[in-house]
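Take a look at the structure below. We will walk through it step by step, from a pair of helices to the spaces between the domains.

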Amino acid sequence: MTSRIRFDIAVLPGDGIGPEVMQPTIEVLQQVAAAQRLDLSFVHLDAGAAHYQRTGESLPTESMDAARAADAILLGAMGMPSIRYPDGTEIAPQLELREALNLYAGVRPIRTIKGLPIPLADPRAQNLDIVLIRESTEGLFKSRNHCEIVDDAIARDTLEITRTTSERLFDFSFRLAARRKQLGHVGRVTCVDKSNVLGSFAFFRKIFDERARLNPELIADHAYVDAVGLWMVKQPWMFDVLVTENMFGDILSDVGAGLMGGMGMAPSADIGDEYAVFQPCHGSAPDIAGEGKANPIAMILSAAMMLEWLGVERQHEGCLVAGRQIVNAVDAAFAEGYLLPYELGGTAGTVEISAAVIAKLDSAATA
Ligand code: ATP
């Protein structure tokens, strides 16, 4: 049995369905923590569009400081199309966090769960287990808040690729592929770019090749982003780890969510060298907020990713076990085929889905 350990978790529930999916996720975490001798202490922090509307601040300094002081950060969803800054852009503290904490590796697992209807009919799509890594601090998003508009006639957003961030991003991707290889995956990293057209991507690819040479035990290849768009729909099982620029990753990760059945199935982690934020791929989904229809699985699986990250970083076996227990409970909840979330055409909402996951954790604990 591993020793008892305490983690301070910063919780930013945010807007729309963010708080709705956060609450059951904390219940799930408390359940697995008790069994693995983990003391998880949750501190709830203000941030988001509703907070901005009330106070004029989207990410208060106190919240930022508390997030930095925590062992890990859990984020629900932030932003509301109806609440904007004076320049018309949406409130997005999740992007500010990525930039401020240098969370360059956006990890987006694309894993299908048995028992759920998914868009692709091919049986190989039922066993999908690939990972998309989205660079999350630069690329085209670097121009956020810095668009140059000339005489109301030309608008320019500049794409920035840096050697420092790219090296870290590719090293992270190769490390992840190596860990996956130990679990039976092929051990391949595919660099997704547009190097046939843009010099910035030729640079991105050159750095990828340099880092690939340091990892000869892994397969390294390249693909153009437009082709990856096609293959992610036609035969996504051909991939293992994909790594790409921020904007391309933003788009492809929604394709990945589609392959899993919907945004509510897609977890993610934004990881840097010191900090990490775990949040679902989805936004605040104002169209369903308050209706009890939000699928909490993306948030719950993001919390499992948090435990896995803490387990690897702090070399704590109990965290790794707790993370796996959550994933197994989610898989078991859907395996019987009766639990069908609203977004997949069913009638199971936040309460039913969370209760089913917690019931599976209970039955695994007493088995
Ligand atoms: P953002 O730009 O903030 O990431 P978005 O434009 O991608 O947001 P989302 O808020 O993610 O939009 O919602 C996209 C669609 O997916 C909406 O129809 C929404 O209702 C649905 N959706 C998102 N998350 C969930 C969820 N957890 N459960 C069910 N449906 C969801």
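Start with a pair of helices. Val225, Val228, Gly229, Met232 and Val233 in H7 meet Phe248, Leu252, Val255, Gly256 and Leu259 in H8. The residues of this contact of H7 with H8 divide into 8 nonpolar, 2 polar and no charged. Keep in mind that this is a predicted model.

How do the two helices lie? Two packed helices are described by the angle between their axes and the distance between the axes. Helix H7 covers residues 225–234, and helix H8 covers residues 246–260. Their axes come within 10 Å. They cross at roughly 5 degrees. Angles under 35 degrees count as roughly parallel. That makes H7 roughly parallel to H8.

Now step back to the whole chain. The protein chain is divided into domain 1 (1–112 + 268–367) and domain 2 (118–260). Notice that domain 1 is written as two stretches of the chain. Taken over C-alpha atoms, the centres of domain 1 and domain 2 are separated by 23 Å. Where the two domains meet, the contact takes 18 residues from domain 1 and 25 residues from domain 2.

Next, look for empty space. Rolling a probe the size of a water molecule over the atoms shows where such space is left. Begin with the largest pocket. Its volume is about 1300 Å³. A total of 37 residues line the largest pocket. Of these, Leu176, Arg179, Leu183, Met305 and Glu308 lie nearest its centre.

Which elements supply at least two residues each to the lining of the largest pocket? They are strand S4 (105–111), strand S5 (129–135), helix H5 (163–182), strand S11 (269–271), helix H9 (297–313) and helix H10 (317–335). H9 provides the largest share of this lining, 7 residues. By class, the lining of the largest pocket has 22 nonpolar, 5 polar and 10 charged residues. Where does the largest pocket sit? Domain 1 and domain 2 both give residues to its lining, so the largest pocket lies between them.

Move on to the second largest pocket. The volume here is about 670 Å³. Its lining is made of 33 residues. Met78, Ala92, Gln94, Leu95 and Phe141 are the ones nearest the centre of the second largest pocket. The elements that give two or more residues to this lining are H4 and H8. H4 gives the most, with 4 residues. You have already met H8, as the partner of H7. The class count for the lining of the second largest pocket is 13 nonpolar, 10 polar and 10 charged residues. Each of domain 1 and domain 2 contributes at least three residues to this lining.

How many cavities of 30 Å³ or more does a search of the whole structure find? The search finds 1. About 30 Å³ of space lies in the largest cavity. Leu95, Arg98, Glu99, Ser136, Thr137, Phe141 and Asn246 line it. Helix H4 (residues 93–100) gives the most to this lining, with 3 residues. The lining of the largest cavity has 2 nonpolar, 3 polar and 2 charged residues. Both domain 1 and domain 2 give residues to the lining of the largest cavity, so the cavity lies between them.

Now find Leu95 and Phe141 in the model. Both line the largest cavity. Both are also among the residues nearest the centre of the second largest pocket.

How values were computed:
Residues numbered from 1 in each chain as written. Predicted model: local features only at pLDDT ≥ 70, side-chain atom pairs only at ≥ 80, totals over all residues. Heavy atoms only, no water. Axes fitted to C-alpha atoms, helices over the stretch in contact; angles between N-to-C directions. Parallel < 35°, antiparallel > 145°, perpendicular 65-115°, else oblique. Contact = heavy atoms within 4.5 Å. Nonpolar A, V, L, I, M, F, W, Y, C, P; charged D, E, K, R; others polar. 1 Å grid on protein atoms, 1.4 Å probe; cavity = no way out; pocket = protein on both sides within 12 Å on 5 of 7 lines; lining within 4 Å. Points joined across faces, edges and corners; volume = space filled by probe spheres on them. Domains from an automatic or database assignment.
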